[in-house]
Amino acid sequence: MTEARTPAGGPLAGVRVVELAGIGPGPFAAMLLADLGADVVRVDRPGGPGLGIDPALDITLRNKRSVIVDLKAPDGPARLLDLAERADILIEGYRPGVAERLGVGPGECHARNPRLVYGRMTGWGQEGPLADRAGHDISYIALTGTLGMIGDPDRPPAVPANLLGDYAGGSLYLVVGVLAALHHARATGTGQVVDAAIVDGTAHLSSMIHGMLAAGAWQDRRGANLLDGGCPYYGTYDTADGGHMAVGALEPRFYAEFLRLLGLEDRTGAHTDTARWPELRERVAARFEARTRDEWTAVFEGTDACVAPVLSLGEAPHHPHLAARGTFTDHDGITQPAPAPRFSATPAGIRTGPALPGTGADSVARDWNLPRPAAPSHSREPSPPQRKASP
């Protein structure tokens, strides 16, 4: 099998990243760095871990190369430290103290490479009463107050997949953190540890809401506010065919256009009169239920009413606007989101498909000036990981 090369490109070309394999927000953060041009080497362990799907279809492995290192083998830590010595950034998602016990913690890595940015991705953070406990996205967003904001007031909070905690509060804050620390390291020659906890990032995402709460402009309960579905002109509605339309007609002129197209011009005064919101919601719901999603899409097409059809994952790539922008792309037969954001001078892109475990050993050894290791032993199965918790 001929190994694909990952030529330099994107604003992070020349940046070297070591990713200690896991699942969830760490791999996604490393994929984002790789999409932007970083040379990401994923250090897989023998036998796992993974998403439980064919790794050839795991999009978070794209634009990376993979080597296999058993950190519990006698030579495992030394091999990882050889990579860390040549890297700019290292990302790990173990429970606090595990990397240190394996001999690859910040102390060992910085002894070999003082400029290294050591990024730590966890749910609870490196310290605190829950730091050693297992958890998942839903656990973290529950304690930060963000989960409690989502959903209907007379039902349990709605689960926003694992996008809010893992990827928004976790991956994106880790990426911001390691790039900020890399800027500092290049200016000073000194690396540091970045503690990216999902609870911290998710809480930070709610900054505007906390400001509104302090100002008395937000009620601390679901379905009672302008942006949480409590407002009848900011929410979702059923259509006649079982589809849904999303409405965001907040500003007066958008609201007026929204009412005109619905044929409800007599409800203009309900915009700021919350006492009239329940009756307005009933009228709006009845109107949407009278036509199909496609029919309403045609009504609002090309207007500033801020109304859009709610599309499925399979439908989204075919929407004319997203298709025109290339928001989704096909690579090796997999339809997937294209790299984001976009750069005018150093465009990012998908250079290679998902990196299968161990297939980058030869090219990484060559490009990073490392000795070519012997094939890893599979004589014992490593301990399975707990997500964002332990190796």
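Student: Which residues in H7 do Leu164, Gly165, Asp166, Ala168, Gly169, Gly170 and Tyr173 in H6 meet?

Tutor: A word on the model: it is predicted, so local features need pLDDT of at least 70 and side-chain atom pairs count only at pLDDT 80 or more, while totals for chains, interfaces and linings use all residues. Helices here are DSSP runs of H or I with at least four residues, strands are runs of E with at least two, and both are numbered from the N terminus. Contact means heavy atoms within 4.5 Å. The residues you list from H6 meet these in H7: Ile198, Gly201, Thr202, His204 and Leu205.

Student: At what angle do H6 and H7 pack?

Tutor: Residues are numbered from 1 along each chain as its sequence is written, and side-chain values use heavy atoms, with hydrogens and water left out. For the angle, axes are lines fitted to C-alpha atoms, for helices over the stretch in contact, and angles run from 0 to 180 degrees between N-to-C directions. The axes of H6 and H7 are 8 Å apart, and the packing angle is about 100 degrees.

Student: What does that make H6 in relation to H7?

Tutor: Angles under 35 degrees count as roughly parallel, over 145 as roughly antiparallel, 65 to 115 as roughly perpendicular and the rest as oblique. H6 and H7 pack at about 100 degrees. That makes H6, in relation to H7, roughly perpendicular.

Student: Where do the buried residues of H7 fall, seen down its axis?

Tutor: Buried means under 20% relative accessible area, exposed means over 50%, and partly exposed is in between, using a 1.4 Å probe and protein chains only. In H7 the buried residues are Ile198, Val199, Gly201 and Thr202. The arc is that of the directions from the helix axis to the C-beta atoms, and these residues fall within 165 degrees, so they line one face of the helix.

Student: In what order do the six strands form the open sheet?

Tutor: Two strands pair if DSSP finds at least two bridges between them. The pairing in this sheet is parallel, and the order is S3-S2-S1-S4-S5-S6.

Student: Which are the edge strands?

Tutor: Look for strands that pair on one side only. The twist averages 20 degrees from one strand to the next. The edge strands are S3 (64–68) and S6.

Student: In S5, what is the bridge partner of isoleucine 91?

Tutor: Isoleucine 91 lies in S4, where it is the bridge partner of glutamate 19. S4 (residues 89–92) also pairs with S5 in the parallel sense over four bridges. In S5, the bridge partner of isoleucine 91 is glycine 119.

Student: How many residues of S5 are buried?

Tutor: Val117, Gly119 and Met121 point one way from S5, while Tyr118, Arg120 and Thr122 point the other way. The residues on both sides are all buried. For S5 (residues 117–122), then, the number of buried residues is six of six.

Student: How far apart in space are valine 175 and glycine 119?

Tutor: Valine 175 is found in H6 (residues 163–188), a helix that lies across S4, S5 and S6. With a relative accessible area of 7%, valine 175 is buried. It is 56 residues from glycine 119 in sequence, and the C-alpha to C-alpha distance in space is 8.7 Å.

Student: Which exposed residues does the face of H9 turned away from its buried side carry?

Tutor: H9 (residues 252–262) has the buried residues Phe254, Tyr255, Phe258, Leu259, Leu261 and Leu262. Seen down the axis of H9, they fall within an arc of 165 degrees, so they line one face. The face turned away carries the exposed residues Pro252 and Arg253.

Student: How many disulfides does the structure hold?

Tutor: A disulfide is a pair of cysteine sulfur atoms within 2.5 Å. Take cysteine 306: its sulfur is 12 Å from the closest cysteine sulfur, in cysteine 231, and that is too far for a bond. The number of disulfides in the structure is zero.
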